[in-house]
Amino acid sequence: MNILVLAGGLSPERDVSLSSASRIARALIAKGNHVAVLDLYGGIDSVKELFFTDCPDEIKEYTVSEKVPDIIKPSDIESYIGKNILECCKTADIVFLALHGDIGENGKLQAVLDLHKIKYTGSDYTGCLLSMDKNLAKVLVSASHIKTAKWCINEMDASINFPCVVKPLSAGSSIGISMVNNSEEYKTAVYEAKKYDNDIMIEEKICGREFSVGILNDKALPVIEVIPKNNEFYNYKNKYQKNLTDEICPADIAVNLTEELKQTAEKIHTILHLKFYSRIDFIVDHKNNIYFLEANSLPGMTPASLLPQEAAAMGITYEDLCNQIAESALM
């Protein structure tokens, strides 16, 4: 197939996306596909310049820096999609979405691609919208009797005490998240979160172990536990820099807890209208109560990402994982 990998864009997760795209492109070439990689924002001067290659050495490699990149966003939605991007997408058999955050994961790009009848990987605009908006996701999940930490939007109310967690309402990769112990830290945390979203979530802090469950072909993969080594939470730096987090897969937990996590992840995947693949994150407290954290409609595919590690625990190579995701766009 001729596969166009879309990456980059104007999300704060731009670096993560470019790293994912580089690996995805090389993997798809290894499976016999012809691949081109384009920056969603950067675009291309002419469709005639688009070149699908079967040579992995022609794919540029990217690494994720320690700091979140500073992004200045345009005021209009059309400026988010670069010159000739949609025309290039139409020349490919499918578009592999290696985007993270912003319009690549909140459903807006998916809606545009649907309007142009372009086939793409991952969930449609409904699933992306419902999973990216943390408030909507928690409302739907809690309505299905799945535990999630108490929360409020924009202003702290009487239901939440310190310590708490402050985060942007629609962002991933732990960007803009702060653990808050007092009112002074709260003011700083609100300022930090609002760098990335006009709306914020204030959430009860649940102490416990953090787990993630990848979904592939709408079925749960082995559970993975993440344990940062520096006594911090699983933040942006700990996610993407080497040797800062222990990632244990399959997680060393009781069989009944494993099965409950997997079943809950599959249920949430369905509730949020996610398609084919996703990743669902949880906290488990000392009493083994499972709390839903968030859902990811386009899980990271970097060297440090969790979904490929979970697939590997099932004997699925990175190349086969990417190829399965690509082929799902044709279904």
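At what angle do the axes of helix H1 (residues 14-30) and helix H10 (residues 318-328) cross, and within what distance do they come? The axes come within 8 Å and cross at roughly 90°. H1 is therefore roughly perpendicular to H10, a label given to angles of 65 to 115 degrees, with under 35 degrees counting as roughly parallel, over 145 as roughly antiparallel and the rest as oblique. Axes are lines fitted to C-alpha atoms, for helices over the stretch in contact, and angles run from 0 to 180 degrees between N-to-C directions.

This is a predicted model, in which local features need pLDDT of at least 70 and side-chain atom pairs count only at pLDDT 80 or more, while totals for chains, interfaces and linings use all residues. Residues are numbered from 1 along each chain as its sequence is written, and side-chain values use heavy atoms, with hydrogens and water left out. Helices (H or I, at least four residues) and strands (E, at least two) are DSSP runs numbered from the N terminus.

On the H1 side, Ser20, Arg23, Ile24, Ala27, Leu28 and Ala30 are in contact (heavy atoms within 4.5 Å) with Tyr318, Glu319, Cys322, Asn323 and Ala326 of H10. By class, this contact has seven nonpolar, two polar and two charged residues.

Strand S8 (209-216) has seven of its eight residues buried, so the rest of the structure largely encloses S8. Buried means under 20% relative accessible area, exposed over 50%, and partly exposed in between (1.4 Å probe, protein chains only). S8 runs antiparallel to strand S11 (residues 277-284), with eight bridges, and Leu216 has Tyr277 of S11 as its bridge partner. S8 is also antiparallel to S9, with six bridges; here Phe211 is partnered by Glu225 of S9. Strands pair if DSSP finds at least two bridges between them.

The hairpin of S8 and S9 has two residues between the strands, and Asn217 takes a positive phi near 55° there. Asp218 lies in the loop between S8 and S9 and has a positive phi of about 65° although it is not a glycine. Asp218 is partly exposed, at 37% relative accessible area. Asp102, also not a glycine, has a positive phi of about 50° and counts as buried at 15% relative accessibility. Asp102 is placed in the loop between strand S3 (94-97) and helix H3 (108-115).

| Bond | Omega | Loop holding the proline |
|---|---|---|
| Phe162 and Pro163 | about 0° | Pro163: between strand S4 (151-153) and strand S5 (164-168) |
| Cys249 and Pro250 | about 0° | Pro250: between strand S10 (245-248) and helix H8 (255-271) |

Key
Nonpolar A, V, L, I, M, F, W, Y, C, P; charged D, E, K, R; others polar.
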